[in-house]
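Q: I would like a close look at one part of this model, the charged side-chain pairs. Please keep it brisk.

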Amino acid sequence: RAKELINKHRDKLETIAKALLEYETLDGANIREILDHGYMSNPPPGITPPPVESPKPSHGGTTIAPDFPPGLTGAPA
């Protein structure tokens, strides 16, 4: 019976899976809307990516700690 229901409603399950990949979370109303209509007319707000920092200006190859090899810091591991 479970296989039959999954196969019968596969399109809705795929829509839910795609929505979860895009929005990460859905509430009961979102799921109900997909089950009833096959789509969400009022999707949750998208995830805002963190701001991207602009690259730091180069200081002519000078390292912060010139006595350590490039890429290494004095902090213990």
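Q: Is Arg32 buried, partly exposed or exposed, and at what relative accessibility?

A: Arg32 counts as partly exposed, at 47% relative accessibility. Buried here means under 20% relative accessible area, exposed means over 50%, and partly exposed lies in between (1.4 Å probe, protein chains only). The model is predicted, so local features need pLDDT of at least 70, side-chain atom pairs count only at pLDDT 80 or more, and totals for chains, interfaces and linings use all residues. Residues are numbered from 1 along each chain as its sequence is written, and side-chain values use heavy atoms, with hydrogens and water left out.

Now the partner. The side chain of Arg32 forms a salt bridge with that of Asp36, at 3.3 Å from N to O. A salt bridge is a side-chain nitrogen of Lys or Arg within 4 Å of a carboxyl oxygen of Asp or Glu. Side chains of opposite charge can pair when their charged atoms come close. Arg32 and Asp36 are about one helical turn apart, because they sit four residues apart in helix H3 (residues 28-37). Helices are DSSP runs (H or I, at least four residues), numbered from the N terminus. Asp36 is partly exposed, with a relative accessible area of 47%.

The structure holds three salt bridges. One of them joins Arg10 and Glu14, at 3.1 Å from N to O. These two lie four residues apart in helix H2 (residues 10-23), so about one helical turn separates Arg10 from Glu14. Arg10 is partly exposed at 47%. Glu14 is partly exposed at 38%.

Another joins Arg1 and Glu4, at 3.9 Å from N to O. Arg1 and Glu4 are both exposed.
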